[in-house]
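Biologist: Could you take a close look at one spot in the backbone for me, and then walk me outwards from there to the side-chain packing? I'd like it as one connected story.

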Amino acid sequence: MMDSEFYPVFWFGDDLEQKILAPLSCIREHESKWVLEFDLPLVDKKDIAVFVDSDAITIEAKLRETYCDEHRKSYQYEYFKKSLSLPKNADYNKITAKFLDSRLTITLPKITQGKKIKLD
Amino acid sequence: MTAKKQNKILLLGFPGNGLIGTFTISYLISHLQMRLVGDISHPDLPPTVFVENGEILSPIRIYRKDNIYAIISDVPIFPEVAVEFVSSVAQFCKKNQIGKVIVPSGVDTQSTNSKDAKTYGLATHQSFEKIMYDKELPKFLAGSIIGTDATVITVFRNYGIPLLMLYTSCHPFFPDPQAAIFAITSLAKVINITVDTKDIQKRVDYLRIQHRNLMQETLDALQEKPAPSKVPPIYR
């Protein structure tokens, strides 16, 4: 893994060669859950795949039509793809996802840990 | 205030929640076929120029059509320069006898349904309160306003220039041209012009993809993050 202190890492985002766009994403923390959102315009629900492993979530989606950069028509893209690290206290067995208004919302409940204390 | 000053209006748009300001003012400039009359620069803003149809454009530009001025910024206004930037806009208003300023912006909403979008008005002067009442624009009643929006409100109040903030509910972290259509319609009602948003409606998905970088840069600026290691703009 490259050490960014010695090797500056430039984040390009989109992958023109593979025709992949990097979608915008955001994560909001609530008391009992994390809510992760991806902005996926030009995508139909049936063309979205969500993968989860021990510490990361990956979104892959096929655009319903090829997207061309407005100023550089030769730059064409056909997919969205992004991987993000997951919070450590998320309950992976209870992850849910929904797709509305071209936004994918993934809800990750938090794991409740610790020993219960009895109140006097 | 002279009658001449009362007639002139400035529309101010800069990147913020949902890029509502950017989409709204950009549409108005194009729809009204406004003429480019100047630009604003600041040494502390990242050095950037855009090239469009072979023409070199500054990122912060001033347009005019009859008694309507528009200032649009294609780059986020960083907190460090916000006061100077807004003060220079206020001085521009004074110099050109502009009597009113309108700023479309976005406000975070818990609703994820775009059909629930609404525009609210926040006025600093009686004259705009009357317009809101006449146009049946609901008032922005309660909440916290931070960042460049707060600077705009504070500076224009200090300069005594009537200001109307038009807040449209939107997704704050993603470009929201769908919500901007509501903002455009509300702004058109306020300044008594007719608009046709069918073209934007058709291009909503493309606008969301096109403006990803600007949205990310805006969020970085609002969070006052240090500039990330990105490909230098010259290579984009």
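Modeller: Let's begin with Gln33(B), which counts as exposed at 66% relative accessibility. Bear in mind that this is a predicted model. Gln33(B) isn't a glycine, yet its phi is positive, about 50°. You'll find Gln33(B) in the loop that runs between helix H2 (20–31) and strand S2 (35–39) of chain B.

Is Ser102(A) buried or exposed? With a relative accessible area of 13%, Ser102(A) falls under the 20% cut-off, so it counts as buried. So Ser102(A) is buried, whereas Gln33(B) is exposed.

Now for the rings. Searching the whole structure turns up four aromatic pairs over all chains. One of them is Tyr69(B) with Phe92(B), an edge-to-face pair with 5.7 Å from centre to centre and 80° between the planes. This pair bridges distant parts of the chain: Tyr69(B) belongs to strand S6 (residues 68–73) of chain B and Phe92(B) to helix H3 (residues 79–95) of chain B, 23 residues apart. Tyr69(B) and Phe92(B) are both buried. Elsewhere, ring pairs tie Tyr67(A), Tyr77(A) and Tyr206(B) together as a cluster.

Rings meet charges here as well. In chain A, Lys110(A) has its charged end over the ring of Trp34(A), 5.1 Å from the ring's centre. In chain B, the charged end of Lys100(B) sits over the ring of Phe128(B), at 6.0 Å from the centre.

Last stop, a helix pair in chain B. Helix H6 (residues 177–190) packs on helix H7 (residues 198–210) at about 135°, and their axes are 9 Å apart. That angle is why H6(B) counts as oblique to H7(B). On the H6(B) side, the contact uses Pro177(B), Gln178(B), Ile181(B) and Ile184(B). H7(B) brings Ile200(B), Gln201(B), Val204(B), Leu207(B) and Arg208(B). Sorted by class, the residues where H6(B) touches H7(B) are six nonpolar, two polar and one charged.

Key: Residues numbered from 1 in each chain as written. Chains lettered and ligands numbered in written order. Predicted model: local features only at pLDDT ≥ 70, side-chain atom pairs only at ≥ 80, totals over all residues. Heavy atoms only, no water. Phe/Tyr/Trp six-rings, centres within 6.5 Å; stacked < 30°, edge-to-face > 60°. Helix = DSSP H or I, 4+ residues; strand = E, 2+ residues; numbered from the N terminus. Buried < 20%, exposed > 50% of the residue type's maximum accessible area, 1.4 Å probe, protein only. Lys NZ or Arg CZ within 6 Å of the ring centre and 35° of its normal. Axes fitted to C-alpha atoms, helices over the stretch in contact; angles between N-to-C directions. Parallel < 35°, antiparallel > 145°, perpendicular 65-115°, else oblique. Contact = heavy atoms within 4.5 Å. Nonpolar A, V, L, I, M, F, W, Y, C, P; charged D, E, K, R; others polar.
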